[in-house]
Amino acid sequence: MWILNFFVVVAITWANFPVHYALWMLMVYLTDVWKVKLTDAAAIVNVFLGLQAIPQSVLLFSAHGLFGNYPVLLGSIFACCVGMGFLTMSTPPVLAKATGTCSAYQPECIGEGQRILFYIALALSALGAAGQAVSFPSFLVEQLGENANMPCIWFLQCFAVILFKAAAVLGFSYISPWSLWFGVPAICYTVAAFIFLSGSCIYKYVKPEGSPITTLFRVLAASISKLFYQLPTDASQLYNVSDRNRQYVPHTNGLRCLDKAAIILPDQTLEEQLRNRWRLCSIAEIEVTKFAIRTFPMSVTFILAGVMTSLSYTYFLEQAKTMNNKVGNLRIPLAVFLWFQLEAREKFPKLYHILVNWRWGSEAKPSAPRVGVAVSIILGVLCTITAAKVESRRLAVVKSYGLAGETDEKIPMTVFWLLPQYLLLGAVDGMFAKSLNNYYSNYFEPISASYMLSGCNLMHGLGCMSNILLVYIVSKVSRRGNKLSWFQDTLNKSRLDKYYWTLSWLLAIAFVLFVVISLWYAYRRSKEEARTVYIERSVTHIGTETIYEMTYRVGNRRNNGTIVDMFPSFG
């Protein structure tokens with residue numbers, strides 16, 4: 001039965017590949033068919049990318065705390081189906097007779113109704129992608145249970161991924177009309193959705209067990225409600241869970257305003273206060289909330305990672321469109337570069353961790369995630385420098401052949417000049433995602449780590465959208481002194497190379513900030529560890545007697561590289 005569940009459920013994942021490749025070309029569609037200005041088209045795509053990441057925290061809470069994974073996943077699949085259908089209908093030939101417009105792929109053939117359909121399609125597709133990202137992995141584990149880690153499952157998944165990636169890349173090379181470019185993935189996804197629905201009678205339905213993010217709001221609410229109460233000088237007078245089979249979570253002195261959530265009021269009994277969970281929280285719950293808040297300054301530096309990701313869907317793609325994509329008589333589809341990027345995203349983190357384990361072994365595990373984020377920022381600097389050099393060369397060829405005007409003629413420069421920057425961008429995305437996943441997995445249980453990662457995705461989505469503001473600021477600044485803006489209506493008139501250099505400087509500054517914040521956080525944590533009293537408990541059974549032993553240790557103690565491993569999950 002589980003193998004049937006696997007094929008039915010994973011059909012959605014496999015159908016996502018052609019949808020991803022189709023939506024990757026939105027920038028080209030907007031500039032070629034709608035004739036939208038370069039920066040306006042990039043802004044539309046950046047908003048679409050941001051909407052895929054920003055709602056994930058809300059949808060994750062809905063899956064864990066309100067509806068369960070299946071309803072959220074089902075709604076996401078429906079949104080994606082309708083979105084791709086509307087996107088296909090927004091192309092000029094599909095509704096030409098109904099709207100009374102022409103059927104050519106020209107801006108005058110796109111009516112108001114088709115524009116509305118297009119924007120609704122992007123919103124629904126983004127919402128569907130966000131919902132699947134947070135609900136599908138958990139739903140798959142619910143269906144497969146212990147079989148999720150079986151070798152045959154891994155082999156089938158890898159085989160299917162390779163097959164569908166190849167089919168998507170090769171298939172799109174033979175699709176020319178935009179109505180088919182969006183229509184074929186819409187049909188594939190609709191078929192996969194029906195396959196998914198056909199298994200509804202055999203799925204395991206798991207009720208939501210509550211969201212761990214509730215604890216964060218409980219701590220904030222309880223601390224605010226006791227804002228005018230005085231904290232006791234002895235932290236042992238604060239409420240903590242007493243359990244012989246569980247270690248006490250060490251209390252830290254930072255963010256002491258949150259400690260008020262653990263104040264035991266003298267005018268009520270402890271039992272009465274425990275009945276209202278929004279008025280009294282334990283030290284364990286407060287400390288996990290503190291840790292989540294302390295990581296926020298570090299996560300702000302992740303905004304530039306979103307800016308980097310958006311380049312693949314916007315300006316990199318526009319560069320590729322203008323360059324020669326033929327090898328002899330063979331035309332290379334642009335989707336090949338997305339394939340290279342995704343492969344680099346998957347393979348580079350594995351190569352990095354193999355190298356780290358070979359060189360430093362287990363000693364590098366505690367700091368490896370933070371170093372991995374730093375490496376991703378360095379790769380981002382290399383990527384933007386490479387992109388700037390390639391764009392400078394491309395513009396030199398444009399100037400020498402007089403192609404700066406309005407022309408669809410290909411530049412006599414092979415598109416494979418762009419391959420290094422796509423590979424580096426894939427490595428940036430892969431290192432960033434893998435390092436964050438390892439970082440929060442070391443500190444939290446899986447369900448809590450998923451919320452921390454969704455918070456990082458929120459920053460990532462804001463980064464994609466902030467590219468709009470960044471381009472606007474750069475455009476304004478570059479106009480000073482009656483100079484031309486770096487961003488013109490077309491790519492060949494613009495100076496993207498200077499914009500890439502600007503990004504490289506911003507990434508270098510982000511690298512310095514990240515290192516400073518990481519060192520400051522490590523220093524603060526080591527000071528807290530040095531003042532912490534650890535209580536170790538052991539239970540020994542001798543005959544019918546049970547002997548409890550307690551060992552007190554003061555100072556730094558490394559348990560798998562962190563002290564937060566003692567933290568329970570939220571909730």
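Predicted model: local features only at pLDDT ≥ 70, side-chain atom pairs only at ≥ 80, totals over all residues.

Colleague: Are E318 and K321 buried or exposed?

Modeller: Both E318 and K321 are buried, and for K321 the relative accessible area is 18%, where buried means under 20%.

Colleague: Which parts does the salt bridge between K321 and D32 tie together?

Modeller: The side chains of K321 and D32 meet at 2.9 Å, N to O. Because K321 lies in helix α15 and D32 in helix α2, this pair ties together parts that are 289 residues apart in sequence. D32 counts as partly exposed, at 30% relative accessibility.

Colleague: How many salt bridges does the structure hold?

Modeller: The structure holds nine salt bridges, and one of them joins R495 with D497, whose closest N and O atoms are 2.7 Å apart.

Colleague: And how should I read a nonpolar core?

Modeller: The general idea is that, in soluble globular proteins, nonpolar side chains tend to be buried together. Here the largest nonpolar core has 92 residues, and among those that touch the most other members are W24, F118 and Y315. Since domain 1 (1–208) and domain 3 (306–524) both give residues to this core, it lies between them. A second, separate core of 18 residues includes F302 and F514.

Notes
Residues numbered from 1 in each chain as written. Heavy atoms only, no water. Core = buried A, V, L, I, M, F, W, Y, C linked by side-chain atoms within 4.5 Å. Buried < 20%, exposed > 50% of the residue type's maximum accessible area, 1.4 Å probe, protein only. Domains from an automatic or database assignment. Salt bridge = Lys/Arg side-chain N within 4 Å of Asp/Glu carboxyl O. Helix = DSSP H or I, 4+ residues; strand = E, 2+ residues; numbered from the N terminus.
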